[in-house]
Structures are given as C-alpha cells and as structure tokens.
Amino acid sequence: MNSVQTDVQIAVCGSAGDGTIAVGDILKRAMARAGYRVIAFDEYPAEIRGFGKCIARTRITTGQVYSMKPKTDVLVALNDGHAIPHVSEVRDFGAVIYDSAPIAAVQEGWHVSGHLRPGHLPYGLPMREISEQSTSANRSRNIVALGFVAGLYRLPRQAFIEAITEKFRTKAEEVTKTNVAAFNAGYERGGETYRFDKLEFGPPARRARSSLSTMMTGNHAIVRGCLEAGIETFFGYPITPATSIMERLAVEMPKHGARLLQTEDEIAAISATIGAGFAGARSATATSGPGFALMTEMMGLGVMAEVPAVIFVSQRGGPSTGMPTKTEQSDLNIAVFGGHGDAKRIVLAPTNVEGCWRCAGRAFEMAEAYQVPVVVLVDLYLSNRYETVVFPDTPPFLPKSWKPMHRDRQADLPYRRFELTTDGVSPRAVPGDVGGVHTATGLEHNEFGRPNDLSDMHLQMTEKRHGKLNAALKHPGITVCKRFGDTGKVDVGVLTWGSTFGEALEATILAREDGIRCAAMKVVMLSPLPVRPILRFLNDCKVVVVPELNYEGQFANLISGALGRPVKRFNRVTGKPIDVIQLLQAIRGAAGKRKWRKSAA
Amino acid sequence: MSIEHPVYLEDKLEQIRTSGRLHYRSKSLPTWCPGCGYYSMTEGVTWALNEIGTANEDVVVVSGIGCASRFPFFMETYGFHTLHGRTLPVATGIKLANENLTVIVVGGDGDGFAIGGGHIPHVARRNVDITYLLFDNGIYGLTKGQVSPTSALGFKTPTSPFQNQDEPLNPLAMLLAYGSSWVGQAYAGRPDHLAEMIRGAIKHRGFSYLHILSPCVTFDKTDRTYRRLDLEVRDLPDNHDSRDRLAAMSEASTTDRPALGVFYNEQRRTLGDALDAVVEKAGGVPRRLAVRQ
C-alpha cells in the first residue's frame, strides 16, 4: 500500500456563486496540510456576479510534477450546464460526481449524466438534499460534494475540518459549524458509497519535510521574495492579475516598517518607484499589460539615469483590456523591448512558484548591482496557481548594497556619477551622501551627469548601459537557463520560458516514454539573453519546438532574431495554459512519425 | 521698479560672493534667455536654502521637461531631471524613501497643468512634504512659443494661429480646491519678495505650492510682459487670513489683478506621518522618521 504513488487531479466546476473556487481552496489546503504536494489553478470570469463559469483544478501528488495534468481524474459538477464541456477532459475510468437531485427539473440534454462517455464512472449525489438535511439550507451543496469526494477516497477527514475552520475563521462561528456539518454529511455518504473506480491515494511522501513546505500562489511567492529582500517602498495601482501582490504587501510591509502607497495611476506608480530608487530605497511596483504600457517611458528614464527599480508584470490576455482573467504570454516584446530608444533592461521570467520568490528577491539585488530597472515577468497562470514550495530557513538574498562612491576621491574633483568603468557600473551616491552631489537626467550626459550629445559620448554611454548588464548572466543565486531531459544530441528540443515550462517538461517526459530522444530548456533571463547556452542547446537538437501562449511566437522571434536559427513554433491563444497532449503531439510530429512509433512499439 | 542710484557690477558681484548663495550654485552657466524669470527663481532658491541652512547633500531638486528642466544642473545639490509631467510622483517617491531630504520640484505651466495635471490633486490631498515651484509664463518656451493651459483667451501662437480658444486654468483656485496645505503666489519681477516666498514654501511642513508669475521675454512680446504684470500685480490685503480657505479662494478668483503673498497655510499631517501611523498600527517600527527643521 505504501508504494502507491499518488497523482490525482480533481476539477470542481460550477457557476459563479456556487462556491466552486472556495471548495477548490479548501481541497488544496487540506491536502497540503495532510502532506501532499499540490498544484492548483482556478479559472473564473472577469465579472464579480453573474453566472460565469468557474473551474477549480487541483492536482495532488506525492512526487514532483510541473504542471496541471492533461486529463482530470475526478470531475465534480456543481452546475451541469458549465460542467458538460469539461466531461471530455475526464480520463477513461475517471469519476464524474453530479447532483442527482437538483433544485429544479433540468431540461433534456442539459444533465451532465447524459454526456458521460463509455468508461466514465458516474456518481450521482443528492447534494442539495444532503445539504438541506445536514444544515437546513441548500447553500452548502459545494461542501457536501467536497465531503463526498473526501469520504469516497478515504482522505484524511481532520485535515479537511481544519482547512474549513481556517477558511471561515473570520466569519461567525455558526458558519464554520454549518460547513463542518455539511462536510461530515457528505463524508459519511462518500464512505458508504460503493466505489467502482480504481483511484488510489497513497500516503503522502516524507511527512517531516512537508511541515516546512508552504502552499502559495506565484503572486504570494513574489511578496515573500520582496519582504525577504527587505523591500522599503512599493507604489502600485490595482490591476488584474497583479493586484494580489499589492494587497498582500499592504498587509505585510508596514509590519516591517516599510511604506506602500496606492498611487493615482500606473505612471505615478512607476515614477514614484524610480524616485525612491534614485533616493536609495529598495523599491518596486507591480502591474499587468495595460499598466505596463503606461510605464515604459519612465522605465526608459530608469535605464538612462541608471536607477534601480523592480517592476513585476503579470501578463493577461491582450491587447488593450483583452481578457483580464485569462492567461497569456504576449508581453514578452514589451518587457524586453518596450519603450523608445536603446533602453536595455534586465527581464526575468520565472517558471514556477518557487521561481517567483527567487526572481523577486534577486531582482532587487540585480537592480542595485547593475543600476537598472529589472522586470520580473509572470502571467496570470503563474500568479494565481498554487504550488507547495519548500523555502530555506534563512533567506538567501543579499542586503542592500551597491558599488559605492570612492571615499578617497580628491575633494576638488567633482564626483562622476556616470564614470566609465571597465564593467560599466559606476560608483553610486544617493541623496544625503556627502560629496556625491550630482544630477541624474534623462538627457544623454557625460560622466558627471551634465547634458552632452556629442557622438562619441552617446556611443560610449550607450555601450556602458548595454555592456554593464552582461554580468547579470552570471549573477549568483539565479539560474538564467537550464536544460532538462535527455543529454547530448536529441531529436527534439523544447525551448520554453515562463509558466509554459511546466507543461513543456511534462510533455517532454511523456515524449521520452514514447522513446523520443527529447530535452527541454527553460530560459529564465530574457534580457540580456544567455545566448551561448541556448546556442549549445540548439546545436544539440535536430528540431526545436518553442511553445508559447501568444499568436506570433514572441520568444521564437527573439531567439530567431538573436541567434539566426529557425525554430518550430507552437502557439496557443486560448487564454488557458498549454495542453500537454497537444504539445506532446507536436513533439511527436517534430520527431518524425516513424521514429516515435517504432521506438514506442 | 525704477533704479534710483547706479549699481556697479563689481559691487553686485562682491555682494553675491559674500552672500553664501553661490554655495548652492553649480559651475554650470544657466541656459535661459536674458531677462527670463528663472534667474529670479534661481536666486530665490539659493538665497532661501542659504537662509534655512540646509546642507547641499540634503536637497534634491526635481524637474520635468520645459525651460525649468535644466534648473537642477545649475544647482550644487542632488537633482533629478525626469520626464515631462512626472515631477510630482517622482518627488513623492524620493521623499517617502528619505524623509530627511528637502525636495523641491520646479516646472512650468505646461509640465504641471497639461501633461502632468493628473498628479497635482493627489500630491496636494496627500500632503506630501515637498515644495512645488510652478513657473507660469502662459507659453511653451522650450518648444518655441506654443499655447499653454494658462495662456489667455485669444492669444496667438504657432499652434493657435487663429487665437487661443480655450479658457485658461486658474491654478491657485485649483490647488486650493485640491486641498494643498500651503498656497502662495509671487512674481519674477519682484525677486526679493519671491525669495521670501520660496523660503516660506520650503519651510512649510507639507505640500507647498508657489505660483510664480513671469513673462516669456522671447516668445511673448505682447501678452504677459513685465510691463503689464508690473501694473497688474498687487499685494494680498493686510487683513488676509491665510487660515481662511474661502478668503483665499476669493482672492484667487480675481485673476485680472493677481495678488502676491501667502493665500493659504495650514498645518496638517503629511503623507509621511500617515504612513508612519500605518506602520505603527501594523505593529512595525518606521524605518525612517521625518526630521525637518
């Protein structure tokens, strides 16, 4: 029994207002509490009210996984109409749990049980009835369904009750009691139901270690990184899906004596961030596409005036207002190239929740070390998805420090804020430093910071601003790119960035099971680009597939442009994470049909 | 203002050298046109800083784009020459990062009220402890004389060849309505008074807005000239109560006879104070405490 490796994905689908997201939240927290590893991602509409579709997917595992599963094992339908299109994502011999006694008669063809395919295992559950019996109200259908799942698969009941209590901690005691009663009623029913699927939950792996692990979203990991790096000021303006960064920082920063301000717009947010950076603070802002578009001019000033700042950008569907609650990777271009002029900046794109934390913390170090704005580029999928992460006890991030102004400088020589040095990084003084008086400017300037537009000066300064960033590729404590899968020469290489890496790696693993020699590479630093290791990887691959959540292939363009190599594009603009099976098919196609069939057979 | 006795250059230079003001001036020569009101402002700022005795390294001058944008280069203090219209939020960031700094923002009517107009209400209502010296000449000087938000109706410029059709703004009334805690007006043609006003504005704890009237001697030969402003400006009445916002509003509305002096002055908590209170509420210890003479 102990050898059972757990890998189960449960999807709860309902209408906004059914408590779908809440149930998903309790499920993942309970399972994380019980010591399992969890990856979870919710989809919900952009409207607060109404009857939009909500899906909460939770993948519960004992081993390391990298993305959501392509197929769901258990689908819980709180709303038949919304759940019907998702029946097809249930695997063969997977379970579908639905309300067998809904509140109103369901129109013909609109009951989920009528859409099951042969091999799907239905569990009709009178959710409303059980809710009414146990709580004398029909509001707890969702918790009854959750209880049923827990009971059916003999999941640890105490962990769920703790998670429910925690969830309703701020509400009246009665609320917790009602929900626990509904959960227990569902659990009893699940326990006594005959189970005809073969789904098994093995015991969680290594319990001792799990006590240190934390389950959190990418955005909250960013917050943790900011706090551990000693963030001093934050300026922001609400925008989905970045808002939860500011909301959490607003609670946490004052506890550490730091200051947060909600500004009048994104332009003010980045302006104040640059202002605080100029004054020597560790400063950041967070935004999404439309807000980031407004920030690019000020980011250019940060590059020109060599001011450290950190900008968190969580991508969503675009252009314009686009799809605020759907994920996309279409802001690579603006992150790397956005704004006017030769404004080279550092762009980091973490690939998982742990990476969000690491990139956030290191971004502050890098901004100071190279005196430049650093963009940390995530997307809605990564911002909102939950993962269990093990953090080190002591944060690895370096305290505030930069190349200081020379102390032994002759007093009669004016300070050269933009001194041309071998590494391009100039000794820095901030307001308040005696002897460091200077003016930073958006005008092209000489070493003293005085306006100067002579040809030689512009060339030297442009080279300085570009050249100083090359050292960032070797910045300690961060992996700028990494290869996974088969070593040496391979048939197919999957080159990825950002949240897509998880799906890409899962597809690579499946392709290798098919017998395809396959490797994946994640590129975390998009600017400056780690050209050499990418080139080495490209040389090792017969075909390179670049999966991305955008239309034209912005990363593929970056790679082809910088390295002059053709790549095979795999683009999706569905507003959803990449489908692992579709990507696997693309890998098979790239490997050549005969090759994978022969080796698989 | 007529000159009653001759002033010799040597005497004047001697006077300036011994005044201590040059301590705050960099070695860069100003690039403004002869006769420009910015010279009066530079004089005023250096005099006021010298009077207050602020250390050079504790001053940050923030400018945007326009004729004022070069001002930081002429000062021997920290300076940040930023983007068009974004001086106030940049200054907010600087002040919040280090409350020990004296932050002075300089800008013109275009930078402040056209492209940057959206930031003024918020910096005023939050009472960020910075000084905003707005230099109003009713014209875009650096781009060679286009119409601005404070240009008079009917003013003819290259971009309003058939005369300006837009009602000019009333900046003082605007700032009073936005909740600015210190509002004053000065005139570049009265440099001594201007200097006194700058000192008052810098010393004020909270957001201080000083509106400085000045001609553009190069691109406006007809409308807002020294000759005309000399005749129009008046002092605020002796009995004006600068704690009375309504009285200030009433004085601000007589735009044909602009009054000089402190329109409004109130002491209330600054944004820094408020954020320190938030930190205390959350159980933290403020990292930086506002210290100001």
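The model is predicted.

## Domains of chain A

Chain A splits into three parts: domain 1 (7–210), domain 2 (214–475) and domain 3 (481–600). The centres of domain 2 and domain 3 of chain A, taken over C-alpha atoms, lie 29 Å apart. Domain 2 of chain A brings 29 residues to their contact, and domain 3 of chain A brings 23 residues.

On the domain 2 side, the elements giving two or more residues are α12 (332–337), β12 (346–348), β13 (373–379) and α14 (380–384) of chain A. Of these, α12(A) gives the most, with 4 residues. By class, this side of domain 2 of chain A has 15 nonpolar, 9 polar and 5 charged residues.

## The seven-stranded sheet

Chain A holds an open sheet of 7 strands. The order is β9-β8-β10-β11-β13-β12-β19 (chain A), and the pairing is mixed. Which strands stand at the edges? They are β9 and β19 (525–527) of chain A. Each has a single partner strand, so one side of each has no neighbour in the sheet. From one strand to the next, the twist averages 20 degrees.

Within the sheet, β12(A) and β13(A) run parallel and are joined by 3 bridges. One residue pair can be picked out here: A:V347 has A:V375 in β13(A) as its bridge partner. A helix, α10(A), packs on the sheet. It touches β8, β9, β10 (283–287) and β11 (309–315) of chain A. The direction of α10(A) makes about 160 degrees with that of β10(A).

## A buried arginine

A:R588 sits in helix α19 (residues 580–591) of chain A. Is A:R588 buried or exposed? It is buried, because 21 other C-beta atoms lie within 10 Å, and the cut-off for a buried residue is 20 or more. A:A511 is 77 residues away from A:R588 along the chain, yet their C-alpha atoms are separated by 7.1 Å.

## Where chain A meets chain B

The contact between the chains takes 43 residues from chain A and 39 residues from chain B. On the chain A side, five elements each supply at least two residues: β8 (233–236), β9 (259–262), α10 (266–278), α11 (289–304) and β15 (439–441). The most comes from α10(A), with 9 residues.

β15(A) is joined by 3 bridges to strand β2 (residues 78–81) of chain B, and the two run parallel. In this pairing, A:A440 stands opposite B:F80 in β2(B). Strands of a sheet pair through backbone hydrogen bonds, either parallel or antiparallel.

## Chain B as a whole

Chain B has 10 helices and 8 strands. Its C-alpha atoms fill a box of roughly 60 × 45 × 40 Å along the principal axes. How does the radius of gyration fit? For 293 residues, a compact globule would have a value near 19 Å, and chain B has 19 Å, so the two agree.

Buried residues make up 48% of the 293 residues in chain B. Among contacts in chain B with a separation of 6 or more, 68% join residues 24 or more positions apart.

How values were computed. Residues are numbered from 1 along each chain as its sequence is written. Chains are lettered from A and ligands numbered from 1 in the order in which they are written. This is a predicted model: local features need pLDDT of at least 70, side-chain atom pairs count only at pLDDT 80 or more; totals for chains, interfaces and linings use all residues. Two residues are in contact if their C-beta atoms, placed from the backbone, lie within 7 Å. Two strands pair if DSSP finds at least two bridges between them. The radius of gyration is taken over C-alpha atoms; the globule rule is 2.2 Å times the number of residues to the power 0.38. A residue is buried if 20 or more other C-beta atoms lie within 10 Å of its own, exposed if 12 or fewer, and partly exposed in between; C-beta atoms are placed from the backbone. Domain bounds come from an automatic or database domain assignment. Ala, Val, Leu, Ile, Met, Phe, Trp, Tyr, Cys and Pro count as nonpolar, Asp, Glu, Lys and Arg as charged, and the others, Gly among them, as polar. Axes are lines fitted to C-alpha atoms, for helices over the stretch in contact, and angles run from 0 to 180 degrees between N-to-C directions.
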